[in-house]
Amino acid sequence: MTNEAPAAQTASAMTLQNYRFPAHRLLRQQSDPDRVPLVLVACGSFSPITYLHLRMFEMANDYCRINTKYEVVGGYLSPVSDAYKKAGLAESCHRVRMCDLAAEDTSSWLMVDPWEALQPDYMPTAKVLDHFEYEINQVLNGILSADGESRRPVKIMLLAGADLIGTMSTPGVWAEKDLDHILGGFGAMIVERSGTDMDEALANLKQWEDSIHVITQMIENNISSTKIRLFLRRDMSVQYLIPATVIQYIDQHGLYTDDGDAKSKDKDKQHAAN
């Protein structure tokens, strides 16, 4: 992708006080005037980030190019805050840094937005997507049209695995207003994974079916952060399952060595490294 903004500070170096929306890889101008500019946002724990998380963006980009009217102009990883309180959740400073390393090491267009991770309270997905809508379409005023003569609003869309759509289709798990805001207002691209009955899940979300795009994995990949943590606790290799720079970071900071929340062996060393 081209027409990028100048490089910005890394996401892991930001705090709530010095936060700036990362847009250094966001395309500033469309290349195809007949398509709708689209930004993909993946929210999740990323504890740790895996090649499947990264691969989802590539699959979605291909899907958009081949099957839709969208032109992908950017992609963001948005790690959850520590307030999520999920088992195996490393501290947000670590998770954001690992996402930073993965995006910089493996991709030319993915970015990490630490805004959600920096929040002291859990931030619902609907509000996270509102944040991207505000930063991209209000603060940045969208992107330049292909002919350079006008500004165009960018469509923001959630990118997620099939397990998320499974929870969305389960009564009582998500508030109806949030589902309507996310699926009706933004839409979602869902990557199929084994173990989730997509037909059943989509049947319960019928009213938003036009806003849900299901992406079939041509080469099945079932890597999960849970399995990575299990391998690490058992002192087993995770080489070629997650980026090498992430493996090095995990080793350096002693993450995922027990069943509790991942802790750094040396917080001072971690802060110095960032």
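Helix α2 meets helix α9 through Cys93, His94, Arg97, Met98, Leu101, Ala102 and Asp105, which face Thr245, Val246, Tyr249, Ile250 and His253 of α9. The residues of this contact divide into seven nonpolar, three polar and two charged. The model is predicted.

**Helix pair α2 and α9**

- Helix α2 spans residues 92-106, and helix α9 spans residues 244-253.
- Their axes come within 9 Å and cross at roughly 150 degrees.
- Angles over 145 degrees count as roughly antiparallel, so α2 is roughly antiparallel to α9.
- The crossing of α2 past α9 is right-handed.

**Largest nonpolar core**

- This core holds 43 residues.
- Leu38, Leu40, Ile49, Phe57, Met98, Leu159 and Met189 touch the most other members.
- Met98 also belongs to the α2 side of the contact with α9.
- At least two core residues come from each of β1 (36-44), α1 (51-67), β2 (70-79), α2, β3 (110-112), β6 (155-161), β7 (188-191) and α9.
- Helix α1 gives the most, with eight residues.

**Around Phe57**

- Neighbours within four places in sequence are left aside here.
- Phe57 is then in contact with Leu40, Ala42, Gly75, Tyr76, Leu77, Trp109, Leu110 and Leu159.
- Leu40 and Leu159, like Phe57, are among the core residues that touch the most other members.

**A separate core**

- Another core, of 38 residues, lies apart from the largest one.
- Its members include Tyr19, Val41, Ile136 and Ile212.

Definitions and conventions:
Residues numbered from 1 in each chain as written. Predicted model: local features only at pLDDT ≥ 70, side-chain atom pairs only at ≥ 80, totals over all residues. Heavy atoms only, no water. Axes fitted to C-alpha atoms, helices over the stretch in contact; angles between N-to-C directions. Helix = DSSP H or I, 4+ residues; strand = E, 2+ residues; numbered from the N terminus. Parallel < 35°, antiparallel > 145°, perpendicular 65-115°, else oblique. Left-handed = near helix turned anticlockwise from the far one by under 90°. Contact = heavy atoms within 4.5 Å. Nonpolar A, V, L, I, M, F, W, Y, C, P; charged D, E, K, R; others polar. Core = buried A, V, L, I, M, F, W, Y, C linked by side-chain atoms within 4.5 Å. Buried < 20%, exposed > 50% of the residue type's maximum accessible area, 1.4 Å probe, protein only.
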